[in-house]
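Please open the model in your viewer and keep the selection panel handy. We will go from one chain to the other, one selection at a time.

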Amino acid sequence: MTDRADPSGARERRRLPQINPVWVLLAALIAAIIFMNPGFVEPTGYMNFLKRAAPLAILAAGQVYVITSGGFDLSVGSLITLVVVGSSMLTNNDPAATYWVVPVMLGIGVGVGAINGLIVCFLRVPSLIATLGMMITLNGLAFLWSGGAPRGYLPDTFRFFGRELIRDVPLVRFIPVSVIVLVVVVGLFAWLMHRTNLGRQVHAIGDNPVAARLAGVAVNRVRITAFVLSGLSGAIAGILLGGFAGVSTDVGTGYELQAITAAVLGGAQLLGGRGSVPAAFGGALALTAIFTLLNFLGLPQPVRQVVQGLILIAAVALAMHRRKQTGT
Amino acid sequence: MKHLLLATGALALGLAPLHAQNFDDPEEFAKQQEQLQAESMGPEGQPWVQHIGGDMVETADLGIEGPATVCFSNAGVNNPWRVVGYTNMTEEVENHDSIGEFIHVDAEGSDDKQIADIDDLLAGGDCDVMIVSPNTTAALTPAVERACEAMPVIVFDRGVNTDCPVTFIHPVGGYGFGIQGAEFIVDNVEEGANVLMLRILPGVDVLETRYSAGRRILDEAGMNIVGAEFTDGDNAKTKSIVEDYLMRGDIDAVWMDAGATAVAAIEAFEDSGYDIPVFVGEDQQDFLRKWQDKGLTAIAPTYPTYQWRTAVIAAARVIEGEALPGPEWVLPQPAITQENLDEYVNPAMPPLHYAMCGCEDMANYPEAWGGN
């Protein structure tokens, strides 16, 4: 569907290594951060960075399923809020409640994802609108549940996942629990996407749903699975964020767009057919690196927003340019 | 990247003078500094009916008979401070037989909606007295002037640019808030100590004045201000910012313009393995509890939610024809310190309950405020 690269261009490309620009961007940002703050190469520096990036990276890994399948999931931000508020209400300061509250929250994530998928598949509501509606609904539910202000604390057992460190680890001194969660979840999502039939089917229905159906793909089942995985990632991100920073009633605000941005930075194609979990992970790290770098530069807030916006547009333009060149 | 850094740096320098206008008024600073020290008049132990400065306005000639209808145009109930304040208000209404009906309209943080709300209330013709908590000062002034022509108006929290209301109720103010926190830091650290200032967002008058007053005192005392950062009131962002600063050097004190994210900032020190420095928070329960549990060196300036009670009391006095402090009713603005911390900590209350609510003696306390 895109223009065919002429042979001379193809020869030229062969000499250049085929590397996703998100990794170049990330390397440049990390180099700038180290330049600004040499302490970043210490474990405290990069482990804190990974800990901070974990919720967004997990969210992006889930979002990339929905984007690749040809949709959007705007509901994950308010799902995060609901998970944090709901956890504080359900645990009710009881440390022993964590063992059942965590599965309940993961269940809510799966349930919200399934409902999103069912609405998109059977009510024929475009995913943008279906998940926008879900976003507003979940925000309202979180507000109803909490009465507009947080009503409780999260016990330390619940905050373990987002806050605790495992100390005395050789080489790196310590590993935040959230980084372990990050590696496991992103690893699983990447394996599912790039090593199993499900991943191929997600790509197929995003690229051409009619062809996929004719080829025997159960389009609805795959699409619903994509939303379920995104919902699950939202619940996991919520548990980590609640653990990291405690209860607030607007904790998830803006995360849905950050997750989509991270996926697109990683080269995922809006409207489907193309997407990579590791690259979305790279996109999430790059986005977090932009925030961190702007923190270190100590620029006034309005300037930061200008710079942040410009970097994002430039990065995505770069990704698009590369796609045009490679013709995929 | 280097070009980018240079370019953004130049941009930053170019834009910097756009900030910090009008919110650093030495006269207002001095006035509020004096008011913090002033003896307040009125019944002891009930700061919500006390006042600083002795001017009174008579209301007997306004000719309103009870029970009357009081209408309240509210800027919003969109943050925990306003949630606590509005609860104070509805509970206070129960105390007054002279208030027959209480009509509340919520502008949901929008100037346009609040202007329309006030006009609707005037057109409806049911109101005898109006209370306004303006969303922003300049935008609401004409609407309040229209209301003044029809009935007695009471304004509280943020002001308006007209003296037509019967009275304007407010605590000492933003400069006072900034002064209390910064003076505490100056008294508790050495000269030249590293102070991190955390702010919610730029451009809000009550927050800008807190910052300018705090900054003035810290600068004059020779403190080394390592940074002044915006947190958007977001816990995760606050914690990340403080962690970043800790990677670059020690922090001896943290000044905040509002306390909602104070606990997240404290956790950044705990989780990075540092001692918790001198802290300025606010009167939210989560901060007060942390302070008590960890034995911090801290202070909690307040912007008391009891002013929402005062607005109802003022409306009742207008109906009953009694004199009330005016045209400005300046309420005392106490800070919570180590000496009186125990009086305000209450684990039964929600984490973002504002302790300086003056509501402990009210009939439905603590249930109506979400306590148990």
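Start by selecting residues 22-41, 97-121, 128-149, 169-192, 224-247 and 279-297 of chain A, which an unreviewed UniProt entry lists under "transmembrane region". Keep in mind as you look around that this is a predicted model.

Residues 22-41 of chain A are 75% helix and 0% strand, with 21 Å between their end C-alpha atoms. For residues 279-297 of chain A, the span is 100% helix, and the end C-alpha atoms are 26 Å apart.

Next, bring up the place where the chains meet. Chain A puts 34 residues into the contact, and chain B puts in 29.

Move over to chain B and give its two domains separate colours: domain 1 is 51-172 + 304-331, and domain 2 is 174-299. Their centres, taken over C-alpha atoms, are separated by 33 Å.

Now show the open sheet of chain B. Its five strands pair in parallel, in the order β8-β7-β9-β10-β11. At the edges you will find β8 and β11 of chain B, each pairing on one side only. Zoom in on β7(B) and β9(B), parallel strands joined by four bridges. To see a bridge up close, select B:Leu196 and its partner in β9(B), B:Val254.

Staying in chain B, select helix α7 (residues 205-220). Its 16 residues reach 22 Å from first C-alpha to last, close to the 22 Å expected at 1.5 Å a residue. Its buried residues include B:Leu207, B:Tyr211, B:Ile217 and B:Leu218, and also B:Glu208, B:Arg210 and B:Arg215. What covers the buried residues of α7(B)? Among the elements to display are α2 (26-37), α6 (174-188), β7 (194-199), β8 (224-230) and β9 (253-256) of chain B. Following α7(B) is B:Gly222, with a positive phi near 75°.

For the last stop, select α10 (residues 285-294) of chain B, where B:Gln285, B:Asp286, B:Phe287, B:Leu288, B:Lys290 and B:Trp291 are buried. Just after α10(B), B:Gly295 has a positive phi of about 60°.

Conventions
Residues are numbered from 1 along each chain as its sequence is written. Chains are lettered from A and ligands numbered from 1 in the order in which they are written. This is a predicted model: local features need pLDDT of at least 70, side-chain atom pairs count only at pLDDT 80 or more; totals for chains, interfaces and linings use all residues. Domain bounds come from an automatic or database domain assignment. Two residues are in contact if their C-beta atoms, placed from the backbone, lie within 7 Å. UniProt positions are given in the numbering used here, feature names are shortened, and annotations may be inferred rather than shown by experiment. Helices (H or I, at least four residues) and strands (E, at least two) are DSSP runs, numbered from the N terminus. The expected span of a helix is 1.5 Å times one less than its number of residues. A residue is buried if 20 or more other C-beta atoms lie within 10 Å of its own, exposed if 12 or fewer, and partly exposed in between; C-beta atoms are placed from the backbone. Two strands pair if DSSP finds at least two bridges between them.
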